[in-house]
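This report describes helix packing, a ligand shell and the division into domains.

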Amino acid sequence: MDSKNPFLKLQQVSKKYKDTRALNEVSFDVYKGEIFGYIGPNGAGKTTTIKILIGLIQDFEGIYHINGVSQNKNNTEIQKILGYLPQGVSFQEWRTVNHVLSTLGKLSGLDGEFLEAQIKNVLELMELSEVRHKKVSKLSGGMIQKLGFAQALLNKPKFLVLDEPLSGLDPTSRYEVKKIIKKLSQEGTTVFFSSHILSDVQDIANRIAIIDKGQILKIGNTNELTSDLYSDIIFEVTFFDDFKQQSILKSLKGIKHIDQQNPNKIFIHINKDSNLESLSLEILKTLINNNCYIQRFTRIMPNLDEVYLKYVKGKK
Ligand SMILES: Nc1ncnc2c1ncn2[C@@H]1O[C@H](COP(=O)(O)OP(=O)(O)O)[C@@H](O)[C@H]1O
Ligand SMILES: [Mg+2]
């Protein structure tokens, strides 16, 4: 990823709706080919950010660039490389799937054989080929969402902006759509992906920004987001039998303290600056030499839900 020349650069973008300050000096960079997760509770300002990015809201403060093009030219150059899936997308019920795609394709300036071929491609990609000639009124909620996704891909966008793309999808479709998002990013598409559910983006986003009340609270990859959550490194050790020999570990350098919640499970808290490799080896050796039968030895990593709760709930 090119960290000097971000694909998308937002600088101090603010937006007010009458009395509501929906965005407050939001700045971040998104790099080419990355999947950027934009996470925050309802009302945080996600859709507002997206509407600014795609040129739907033009009265805002601050600046942004997409692929080196400034927002002033949004209606021409940026539109050409943009694919957009709105939150809660809907289509006229009387149209067929094919009709929806050809109409929207033509509205975005596509036509002829290219449009025909692209309709076929996106229907295959979203596994909607079988319903191509069905009316929208006959589709399930999940299929309508996939149709929304399909229309966003018609122009082979370099920049795909998805506002809550997984809501309304059943678990299988969620999995499939995530797989498609990943594949597109591997092919070089930059993906901006909003959700109020952290686990939606956790396994596919390269980086995540947490937004609440119009302000970015934290940006980083999963490791960066979790690293400052725990002040210690923690190992969890589960034994086959009850463990009664805490004292054998206490002499090891680097161990701060040991918690025992169950008779056969301990949590070993270790100073952050310890040498992890040698200390974990020492712990294991000591336990084995004292005939402790280890069932599981693992390092506890904070999960992103904890990070999210800390930043979002911590502020309220
Ligand atoms: N058109 C609008 N008019 C007035 N207030 C709005 C409008 N759209 C959004 N808001 C307010 O701006 C804030 C951010 O909304 P939004 O960007 O939709 O959040 P999110 O997508 O994260 O749920 C909320 O307080 C919302 O009520
Ligand atoms: Mg929204």
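At what angle do the axes of α3 and helix α5 (residues 141–153) cross, and within what distance do they come? The two axes come within 10 Å and cross at roughly 30°. Because angles under 35 degrees count as roughly parallel, over 145 as roughly antiparallel, 65 to 115 as roughly perpendicular and the rest as oblique, α3 is roughly parallel to α5.

The model is predicted: local features need pLDDT of at least 70 and side-chain atom pairs count only at pLDDT 80 or more, while totals for chains, interfaces and linings use all residues. Residues are numbered from 1 along each chain as its sequence is written, and chains are lettered from A and ligands numbered from 1 in the order in which they are written.

Helices (H or I, at least four residues) and strands (E, at least two) are DSSP runs, numbered from the N terminus. Axes are lines fitted to C-alpha atoms, for helices over the stretch in contact, with angles from 0 to 180 degrees between N-to-C directions.

Helix α3 (residues 97–107) also packs with helix α4 (residues 112–125). Here α3 is oblique to α4. The table sets out the geometry of the two pairs.

| Pair | Angle | Axes |
|---|---|---|
| α3 and α5 | roughly 30° | within 10 Å |
| α3 and α4 | about 135° | 10 Å apart |

The contact of α3 with α4 (C-beta atoms, placed from the backbone, within 7 Å) involves Asn98, Leu101, Ser102 and Gly105 of α3 together with Leu115, Gln118 and Ile119 of α4. These residues divide into 3 nonpolar, 4 polar and no charged. Towards α5, Val97, Val100, Leu101 and Leu104 in α3 meet Leu147, Ala150 and Gln151. That contact has 6 nonpolar, 1 polar and no charged residues.

Ligand 1 is surrounded by residues including Tyr17, Asn42, Lys46, Thr47 and Thr48, a residue being near if its C-beta atom, placed from the backbone, lies within 6 Å. Both β2 (20–30) and α1 (46–53) supply at least two residues of this shell, and α1 gives the most, with 3 residues. By class, the shell has 3 nonpolar, 7 polar and 1 charged.

An automatic or database domain assignment gives domain 1 (8–220) and domain 2 (233–301). Their C-alpha centres lie 47 Å apart.

Notes. Two residues are in contact if their C-beta atoms, placed from the backbone, lie within 7 Å. Ala, Val, Leu, Ile, Met, Phe, Trp, Tyr, Cys and Pro count as nonpolar, Asp, Glu, Lys and Arg as charged, and the others, Gly among them, as polar.
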